[in-house]
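Hello,

Please open it and keep it beside you as you read on.

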Amino acid sequence: MVTTIRHYFSVAACFARLAVQRQLEYPLFLFSWLLMIPIQYFSGIWMLKIIVDRFQPLNGWDFPELAFLYGLGLLSHGMLVVFFINTWQIDNMVIQGTFDRLLLRPMSVFFQLVASYVNFIGLIDCIPGLIIFLYGCQLVGFEWTLGNIIKLLLVLIGGVLIRASLFISLGTIAFWTKRNASMVGFTLSMLERGTMYPLGIYPYVLQVIFTFIIPIGFISFYPAAEFLGKGSESFQLPLNFALATPAVGLACFMLSQWIFRRGMRSYESAGS
Amino acid sequence: MLQAYWYITKMRLLTNLAYRFEVFASVGTNLILMLASVFLWKAAYGGDTGQVQALTLQDLTSYTILSIMLASVFVCDVQDTIYYKIREGQIVTDFYRPIPLLACYLADDIGSMLSSMINKVIPLFVFAALLFGVPWPASPLGFLLFIPSCLLSYAILWLLSALVGLIAFWVMELGNMGMVKDSIVRVLSGSIVPLWFFPESIQTISKFLPFQYTYQTPLGIYIGNIGVREALTAMGIQLIWVVFLYLLLAAGWRRSKSKTLIQGG
């Protein structure tokens, strides 16, 4: 057992080193991401500030609270981009035939899929996330007690798992259809709008969907509502969010693993 | 001569119409953006029927819907085309063509625009009309002015895109500079939040930049926030930007040819 884990760790480390070296090959490429990602997200929060300043708090969320929510959502997005970005290109791997390579090695296929590309550039997504989140914490007067920090970590892990499960399940579609390419963009924008704005601004139907069917409300909205002591008007949750988000995350992740294994059974190589 | 361009446009149109799956996803993505923005405005007004900066919720709903439809029509692939052709070295065969290269790329993008109108804008319009009601223009005259203003907007966007593409002749590896430009345009053009809501100082600076004349001007004309006389002035400014950017591009293009370096081969 221990030797297996150690083996997996050394393989992951080796993959990570290769991935980082590959990404540092083109410095201007890195630089353009370094410009683009912060512009995108800082302007996003700035737009919210402009709207709140000119109008009124959105569904009872004022700017500090919105910044907290936005930052929390963005942080888990950033972590997803670092660790799970390979799930976005399962269809590509299927078509190119590179997925076959993973099947030939004596290791967990899912582990190889995820570990073979640690997206070092994704850390750039975490930077605006961290800045906006800390700024939001400052504005709302978040208390950095040990309990809160543990809760926060649990929520982040749960959030990343929920996001990852979505992309894994979507990617699995490629095993049957060989393509799902632009679904990634679609899901990304759904996640962005669903996690960075308060869920309460959407109609009731969408709130139900985002709570029970595609549970992205648990990524940031419900945790943020509880951290900030805002009663969400829509649903009363039976569990404390610090348990709910990781629990939902784990459940989704298990489900996505099951779907992934089912998909692999019907996988047939693209040939050529 | 024109026949050659029309052929390029037609081929692009037909190619794009052949990819259905991508279209579904693109319409879906834009629909989500549209829904999210409209509900955001609804929450901002909070059931209030009053006006903010002389705009009602209905105005902003139309503004948002039209803005997203315009964004799917305004295809400016030229920056990626130039970059890709230089990286792959194909630019050299393109230079053999007996017609101006940039005009070919424009014809290509116009083909994409036509296909987007058919398979992206129509479904988006239908969904928007079903969900939020038909976003009528403020007046027939407004609509008549909206069309030429859109054409000028597209000219500005396309020229900006081509200028970014030109950088690739110098640096070889352009990376995502095109996307950097796009995200600046998205904010400063007022395509998400109209600049009328921005702080005064930003509005003043923005008057001297080309961006607000790409989305805010035609959309403002459409919803009637820009009157007829102001609309004509704004279109005059659009035209000035088109001429200026065109001259810049022409100058850059002449110099870039001598800079062309073919990788490998």
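Let's start with one side chain: A:Lys49 is partly exposed, with a relative accessible area of 32%. Here buried stands for under 20% relative accessible area, exposed for over 50%, and partly exposed for anything in between (1.4 Å probe, protein chains only).

Before going further, some ground rules. This is a predicted model, in which local features need pLDDT of at least 70 and side-chain atom pairs count only at pLDDT 80 or more, while totals for chains, interfaces and linings use all residues. Residues are numbered from 1 along each chain as its sequence is written, chains are lettered from A and ligands numbered from 1 in the order in which they are written, and side-chain values use heavy atoms, with hydrogens and water left out.

Back to A:Lys49, which forms a salt bridge with A:Asp53, their closest N and O atoms being 3.4 Å apart. The term asks for a side-chain nitrogen of Lys or Arg within 4 Å of a carboxyl oxygen of Asp or Glu. In general, side chains of opposite charge can pair when their charged atoms come close. Both residues sit in helix H2 of chain A, four residues apart, about one turn of the helix. (Helices are DSSP runs of H or I with at least four residues, strands are runs of E with at least two, and both are numbered from the N terminus.) A:Asp53 is exposed, at 52% relative accessible area.

Over all chains, the structure holds four salt bridges. Another of them joins A:Arg193 and A:Glu192 (3.6 Å, N to O). Within this pair, A:Arg193 is buried at 17%, and A:Glu192 is partly exposed at 22%.

In chain B, B:Arg12 meets B:Asp108 in a salt bridge (3.1 Å, N to O). B:Arg12 lies in helix H1 (residues 2-18) and B:Asp108 in helix H6 (residues 101-132) of chain B, so the pair ties together parts that are 96 residues apart in sequence. B:Arg12 counts as partly exposed at 27%, and B:Asp108 as buried at 17%.

What about chain B as a whole? Its secondary structure comes to eleven helices and zero strands. Of its 265 residues, 54% count as buried. Its C-alpha atoms fill a box of roughly 65 × 40 × 35 Å along the principal axes. Among contacts (heavy atoms within 4.5 Å) between residues at least 6 apart in sequence, 80% join residues at least 24 apart.

Now for the place where the chains meet. Chain A brings 35 residues to the contact and chain B brings 37 residues. How much area is buried between chain A and chain B? The answer is about 3,400 Å², with carbon and sulfur atoms giving 76%. Buried area is the accessible area (1.4 Å probe) that two parts lose on being put together, summed over both. The count of salt bridges between the two chains is zero.

On chain A's side, helix H2 (27-54) and helix H9 (183-196) each supply at least two residues. H2(A) gives the largest share, 15 residues. By type, the residues of that side divide into 24 nonpolar (Ala, Val, Leu, Ile, Met, Phe, Trp, Tyr, Cys and Pro), eight polar (the others, Gly among them) and three charged (Asp, Glu, Lys and Arg).

Enjoy exploring, and write back with any questions!

Best wishes
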